[in-house]
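Could you open the model in your viewer and keep the selection tool handy? We will go from stop to stop together.

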Amino acid sequence: MKKNTVQERKIENKSFLSKIEPFLYLLPFLIGLVVFTLYPVINVVLISFKEGYSHLSRNFTEWGLGNYETVLADPRFGQAISNTIKYVLLVVPISTCLSIVIANLLNQKLRFSALFQTAYFLPMVTSITAVGLAWKLMYNKNFGIINYLLSFFGVDKIPWLENAQWSIPALVIFGIWNILPFTIILLLSGLQNIDPLYYTAAKVDGSSSLRIFFRITIPLLAPTIFLVCIINTISCFKVFSELYPLFNGKPGPFNNLYTVVYYIRYAMMENRKYGIAAAAAIILFMFIFVFTMVQHFIQNRTRR
Amino acid sequence: MRVVLDHITKQFDDVIAVNDFSAVLESGELVCLLGPSGCGKSTILNMLSGILPVTRGTIMFDNDDVTTMPPEKRGIGLVFQNYALYPHMTVMGNICFPLETQRVPKAERIERANEIAKLVHVDMLMNRKPGELSGGQQQRVAIARALVKNPRLLLLDEPLSNLDARLRLEMREEIRRIQQKTGVTTIFVTHDQEEAMSISDRIILMKASLLQQNDIPQNLYNQPVNQFVADFLGNPPINNIPGTLRDGVFTAQDGRAKAIIPEFKGLTSQNPVNLSVRSESFILDENGPIECQVTRVYQMGKEEMAYFNFGGTTFSAYIDAEKNLVVGSTVRLSLKRRGVFVFDRETGERIR
Ligand SMILES: Nc1ncnc2c1ncn2[C@@H]1O[C@H](COP(=O)(O)OP(=O)(O)OP(=O)(O)O)[C@@H](O)[C@H]1O
Ligand SMILES: [Mg+2]
């Protein structure tokens, strides 16, 4: 009897160890998560409600919604929101459509497709700041290659980066170019998951390739398209690193291109108003949250 | 529609999948394409449907040469080995799809889809997606999708291979019924000999890219052109007794057991032969030419399945249960006229 219980205890001990063992493996990651993600996130939420917060002394006057009131009353923030939404609404649909077409071409067994694939995915492995500087040169009014190429079609020189009206298209085009490779990779893997038998079946059923594209490819790709839209929407809401190199670190030629993240940076780095920055960040989060929910809702509706 | 395959060859890079294949399908026939895995059955269907280009030879549909016609123009119904139903469409959507591409008006599409669905008994499943159907139901939807456009030719690639034994039996009757009702020329691919024997007007038996025999089912069984055909058909498989044949005298491989077979009188072969006899073609006969030992007996009701040893080779035969065979005893057998063949062991050619 006694021997038995000893053995049992041993087994119990062992099972306790084996129970916590997986958590031990996870511990380094969990520590990182808590220190670098969870703590800052909670802190941002708290700071956004602290009025008169000083980041040096960590003192504040009282809890309240004052930061939010200030942010929402700031015309600069209104401009930032409107610019950001404009950017999202232009970049996400255009880049998705373009990517679907390009991914389809890449998926065809064309000659040189390996070469094209490399070419398209190059932006992904290049630093966005370096690329941004290159685009700045390409957008140059007098010497840029874009205006040079356009001149063949009889287009007058466009002041891409000097004119408030043209600065949004300049940013959007660069943003689309920058987001394409990632989008294409996702869509390409989605395409490669479609059994080619469906195309064969549709062909035997008498379909043209255009009909196959719209009736077979797109519906079967829909889950990937939705995924791409959601990921791109989130990343476009956070547009900043595309903006920064194009206009020498300024938000547009006449400070007309504030985006929400730029506004947060401006509030924090230039004005040292941490509370304001935190409140703006929370508002941005709300926007992203609502947009993503809407997309989820649409996805669920169409899936039925 | 009458289909003519004239000296068709299909070569992939280094593999010849179909070699100089010629056959004619008469209008309204159901022909089975039978053969072991990898012999080129699917390749032939794919060439008929236009999915694969032909390396050499011509395909005629009635009087039209369709050898290079693209698949969408051929008007063929194809049921794939694993159905390939469009997963995002309902059963109705799947059946309507071929009509959609023919620009049939919507009301007529739905009417025709309902009609064909009734024929294959899936009319109560119209709003389901393929993922929500059983294998047998999916298969019937696939047949409906292939039939709805009134194809000139219906091709079925091992449509029953995913089904359980009972459903298989049911579905092959179903396919036969539908085929006879619509009168569409049909090719049915299978590697199950029993399936082929039971539903087809004609069987084309293939082996390793080559056509072996193209005949009505009874002839394949009773008049095989070579050893492969004789071996492929029949359950239990045909008995092959290796030996030599000199002027009607069959000597087993051990050189001692001999049988003077009157039907073979005057028949001599230079090459070694197989005496190939179906199990139902032996008769217990005290004056018979084959003297052999009883090695095992299985009771199977009215008949017994008995195993005999002749010159070191074991073969099986159905024997009347009333004869009361004793294991270990020596008996004599004679041969019926049907189901007895002699094949050249080297070339596989039929000698008699
Ligand atoms: N695309 C291809 N490239 C190279 N070889 C191929 C290709 N398709 C088929 N083959 C070869 O051609 C031969 C015939 O193939 P096929 O698919 O017609 O066989 P099958 O008779 O349908 O077999 P199963 O009963 O297993 O379906 C096989 O040896 C196969 O390996
Ligand atoms: Mg096959």
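Predicted model: local features only at pLDDT ≥ 70, side-chain atom pairs only at ≥ 80, totals over all residues.

Residues are numbered from 1 along each chain as its sequence is written, chains are lettered from A and ligands numbered from 1 in the order written, and side-chain values use heavy atoms, without hydrogens and water.

**Stop 1: the ligand**

Select ligand 1 and show what surrounds it: among the residues there are F12(B), K41(B), Q81(B), E158(B) and H191(B). Being near here means having a heavy atom within 4 Å. This shell has 3 nonpolar, 7 polar and 2 charged residues; Ala, Val, Leu, Ile, Met, Phe, Trp, Tyr, Cys and Pro count as nonpolar, Asp, Glu, Lys and Arg as charged, and the others, Gly among them, as polar.

Now color helix α1 of chain B, residues 41-49, which gives the most to the shell, with 3 residues. Helices are DSSP runs (H or I, at least four residues) and strands are E runs of at least two, numbered from the N terminus.

Next, look at T43(B), where a polar side-chain atom lies 2.4 Å from an oxygen atom of ligand 1. A polar backbone atom of G40(B) is 3.0 Å from a ligand oxygen, and one of C39(B) is 3.2 Å from a ligand oxygen. The cut-off for such N or O pairs is 3.5 Å.

**Stop 2: two helices**

Move to chain A and select α3 (residues 75-107) and α11 (residues 260-270), whose axes are 8 Å apart at about 150°. That makes α3(A) roughly antiparallel to α11(A), a term for angles over 145 degrees. Axes are lines fitted to C-alpha atoms over the stretch in contact, with angles from 0 to 180 degrees between N-to-C directions.

**Stop 3: the backbone**

Select N235(B) and P236(B), joined by a cis peptide bond with omega of about 5°. P236(B) sits in the loop between α8 (227-232) and β11 (239-246) of chain B. Finally, R272(A) has a positive phi of about 60° although it is not a glycine.

Key:
Polar contact = N/O pair within 3.5 Å; in protein donor to acceptor, adjacent residues only side chain to side chain. Parallel < 35°, antiparallel > 145°, perpendicular 65-115°, else oblique.
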